[in-house]
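The following explanation is intended to be read alongside the sequence and the coordinates. Please keep both in view while reading.

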Amino acid sequence: MSRVIPTTVGSYPRPPWFREYLRKVEGLQKEGGGGIDEATYAKAVAEVIREQRDAGVKVFTDGQLLWHDLLCYLATRIDGFEMNGLVRYFDNNLYYRIPKVKARLERKRNIIVDEFRVAYSIEREMKAVLSCFTLATLSEDEFYGNKADLVMDIAHIMNQEAKELVKRGAKYIQIDEPSLLYAEKEDLSIMKDAIEVIRQDVDAKFFLVTYFSDAERIFPEVLDFNVDVIGLDFVEGYEKNLDLLREYGVDKEIQAGVVDGRTTKMEDEEQVRRKVEAIDEIVDGETLYVSPNTGLEFLPYSKASEKLKVLCRSVGDINE
Amino acid sequence: MNRRLLPTTVVGSYPKPNWLRRLIREYEKGEISDKVMRRAYDDAVKAVVKEQELAGVDILWDGEMRRDEMTSYFARRIEGFTIYGEVRVWGNNYYPKPAIVDELRYKDELAVSDYKFLRKITDHEIKVPITGPYTLVDWSFNEYYRTREEAVYALAEVINQELRRLVDEGANYIQIDDPAVPTHPEEIEVAKNSIEIVTRGVNAYIGMHMCYGDYSKIYPEILEFNVDQIDLEFANRGFKDVEIFKEYEFTKDLGFGCIDVHTRRIESVEEIKDNIRKAFSIVEPKRVYVDPDCGLKLLPSEVAFEKLRNMCQAARELREELEG
Ligand SMILES: [Zn+2]
């Protein structure tokens with residue numbers, strides 16, 4: 001039996017007071033970041049960390065409280081991107097601005113380092129969440145003309161960012177890649193190389209996390225990716241992902257998304273527990289991370305902690 | 001229905017007057033009474049109806065002065081829904097996302113009193129917009145029904161009851177707002193069945209409004225929906241979508257969104273005339289209804305008015321040209 005560790009994927013709904021605060025200081029249209037008082041922000045981060053901790057989470061995320069554009073938020077901090085019109089984010093009633101690649105991409109300033117610093121000062125078991133392939137895929141490329149070059153340049157930028165994050169104490173780097181689940185086979189070899197670049201000289205545990213669908217299109221190639229943990233969606237793709245793990249085996253750790261981060265309906269704890277046990281039977285990593293399948297920002301604030309409590313209670317006594 | 005050539009209409013919403021917004025905020029803080037607030041809404045409707053009349057709109061609605069938003073407004077009035085809190089749509093924009101927690105049942109009227117009030121204050125034809133069951137379910141959580149499909153059909157029965165009541169009160173033109181339909185082409189059958197239920201026994205002219213989304217994925221399938229008119233946005237994407245509808249014979253009336261609600265630029269009469277002419281490549285002029293792409297609520301009042309006025313002027317001039 002592995003050690004079962006509850007964790008979160010990334011986003012967390014903003015506390016209502018902070019939501020109002022952002023609406024006031026930023027208005028409805030502007031990009032995130034400007035004019036936000038750091039102490040106020042820190043207070044909000046502390047609150048969502050406390051919500052996670054009270055529920056029983058052991059490895060945390062900062063909730064991405066300043067992110068306006070899901071993974072595309074990263075693009076607002078990278079030179080060479082320009083932000084454009086709104087598009088639907090996968091099948092969610094949620095939108096992001098399409099980043100357009102207008103010039104060679106460059107990291108001229110911190111991307112999430114400053115946010116991480118705030119979160120890390122509150123909680124050390126903190127994941128830093130980045131993205132590479134998905135960011136490239138959701139963008140419109142008007143400069144590179146070639147996906148591999150675009151992905152590789154983003155990988156170099158994420159590598160610089162990861163190094164900076166590790167300097168500030170980060171032990172866990174998570175790369176969120178939902179787009180990989182819809183990728184072509186040649187994209188997988190690009191991503192494999194990209195991960196080598198992102199990891200170079202970065203001493204941290206690496207998570208590659210997918211969601212919104214099963215992982216059929218990335219197996220078995222993903223098993224050769226140089227990451228420590230693979231995150232799979234066991235809500236949208238429970239049977240399929242179990243089959244894939246059975247068929248190919250896996251010598252990495254798994255982060256299993258076992259409760260649905262996109263519905264307020266609360267799962268039966270016994271059923272979640274059985275799910276976790278079934279997964280644990282197949283994988284034999286030292287640790288099995290369990291989480292909601294997606295970030296939690298799809299839920300109203302009060303329901304996010306309830307969801308996490310269901311998750312944590314359902315695996316509560318597995319470790320004993 | 002309106003037999004005039006190229007009737008002009010609105011999709012539904014109109015900018016709320018600033019004084020009304022302020023009163024709503026005070027009302028939410030408990031600073032003014034229900035009665036005063038009701039009067040304020042009535043006054044706002046009168047003002048907005050007058051503006052639409054002055055702009056020259058033939059078929060109008062009350063500007064949705066009383067509706068805060070197109071999902072939760074209805075959800076609050078239907079049994080089986082609850083609202084836990086707000087969920088983000090984008091950036092700092094949120095909406096109170098309803099959750100279905102029990103069997104959906106008709107509880108309270110949704111638009112009947114709005115319709116009756118409006119009937120009293122205008123002689124114009126009236127169109128009653130109501131959010132469709134497919135969209136309401138898509139934009140809600142479902143904790144109760146086993147499948148989305150079941151939830152959609154249950155809600156369709158509720159909306160059907162409301163439409164029958166509206167018709168009993170005299171309404172003869174109803175618009176089902178279903179912007180979520182083009183975003184899930186894989187569920188087009190469910191949407192179609194839901195419209196079948198919604199319109200059962202409803203003796204009125206039925207329009208269906210959809211905006212955003214990729215129309216090519218739902219065309220020509222939407223022609224099979226049990227509605228008289230399909231109303232779509234065209235200006236927002238520079239009328240590129242016109243091509244999609246040329247491929248098969250368009251067998252419904254066409255609500256043709258010919259002015260862009262996402263820009264404050266006021267289109268000239270000539271420009272709008274050219275825009276409307278593009279509709280004639282899809283259907284003959286007598287099947288065309290002229291309207292903005294979508295609700296006008298996000299525009300400043302003066303801009304909304306100017307846009308509407310030019311739109312109506314364009315329709316009038318074209319009408320004269322066509323009738324010779
Ligand atoms: Zn619309």
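**A guided reading of the model**

Pro220(A) is located in the loop that connects β7 (205-209) and β8 (229-233) of chain A; helices (H or I, at least four residues) and strands (E, at least two) are DSSP runs, numbered from the N terminus. The bond between Phe219(A) and Pro220(A) is a cis peptide bond, with omega at about 0°. In chain B, a cis peptide bond joins Tyr219(B) and Pro220(B), with an omega of about 10°. Pro220(B) lies in the loop between β8 (205-210) and β9 (229-233) of chain B.

The structure is a predicted model, in which local features need pLDDT of at least 70 and side-chain atom pairs count only at pLDDT 80 or more, while totals for chains, interfaces and linings use all residues. Residues are numbered from 1 along each chain as its sequence is written, chains are lettered from A and ligands numbered from 1 in the order in which they are written, and side-chain values use heavy atoms, with hydrogens and water left out.

The loop between β7 and β8 of chain A also holds Phe212(A). The phi angle of Phe212(A) is near 85°, a positive value in a residue other than glycine. With a relative accessible area of 7%, Phe212(A) is buried (buried means under 20% relative accessible area, exposed over 50%, and partly exposed in between, with a 1.4 Å probe and protein chains only). Glu64(B) sits in the loop between β1 and α3 of chain B, and its relative accessibility of 13% makes it count as buried.

Chain B as a whole contains 10 helices and 11 strands. How does its radius of gyration agree with that of a compact globule of 324 residues? Such a globule would have a radius of gyration near 20 Å, and chain B, at 19 Å, agrees with this; the radius is taken over C-alpha atoms, and the globule rule is 2.2 Å times the number of residues to the power 0.38. Along the principal axes, the C-alpha atoms of chain B fill a box of roughly 55 × 45 × 45 Å. Of the 324 residues in chain B, 60% are buried. Among the contacts in chain B with a separation of 6 or more, 75% come from residues 24 or more positions apart, where contact means heavy atoms within 4.5 Å. Chain B exposes about 13200 Å², of which carbon and sulfur atoms supply 45%; accessible areas come from the Shrake-Rupley method with a 1.4 Å probe, and for residues only the protein chains shown count as cover.

In helix α4 (residues 112-121) of chain B, the residues Val112(B), Asp114(B), Tyr115(B), Phe117(B) and Leu118(B) are buried. The cover over the buried residues of α4(B) includes α2, β1 (59-60), α3 (72-75), β4 (125-126), β5 (128-131) and α6 (148-168) of chain B. Helix α2 (residues 34-55) of chain B contains Lys35(B). Lys35(B) is exposed, with a relative accessible area of 62%.

The final topic is empty space. Rolling a probe the size of a water molecule over the atoms shows where such space is left. On a 1 Å grid over the protein atoms alone, a cavity is a set of points where a 1.4 Å probe fits but cannot get out, and a pocket is an open set with protein on both sides within 12 Å along at least five of seven lines; lining residues have an atom within 4 Å of a point. Grid points are joined across faces, edges and corners, and a volume is the space filled by probe spheres set on the points.

The second largest pocket has a volume of about 830 Å³. Its lining comprises 30 residues, and those closest to its centre are Asp260(A), Arg262(A), Thr263(A), Ser140(B) and Arg148(B). In chain B, β2 (78-90), β3 (93-106), α5 (133-138) and β6 (141-142) each supply at least two residues of this lining.

By this rule there are three cavities of 30 Å³ or more. The largest cavity holds about 110 Å³ of space. Ser11(A), Leu70(A), Tyr89(A), Tyr211(A) and Gly295(A) lie nearest its centre, among 14 lining residues.
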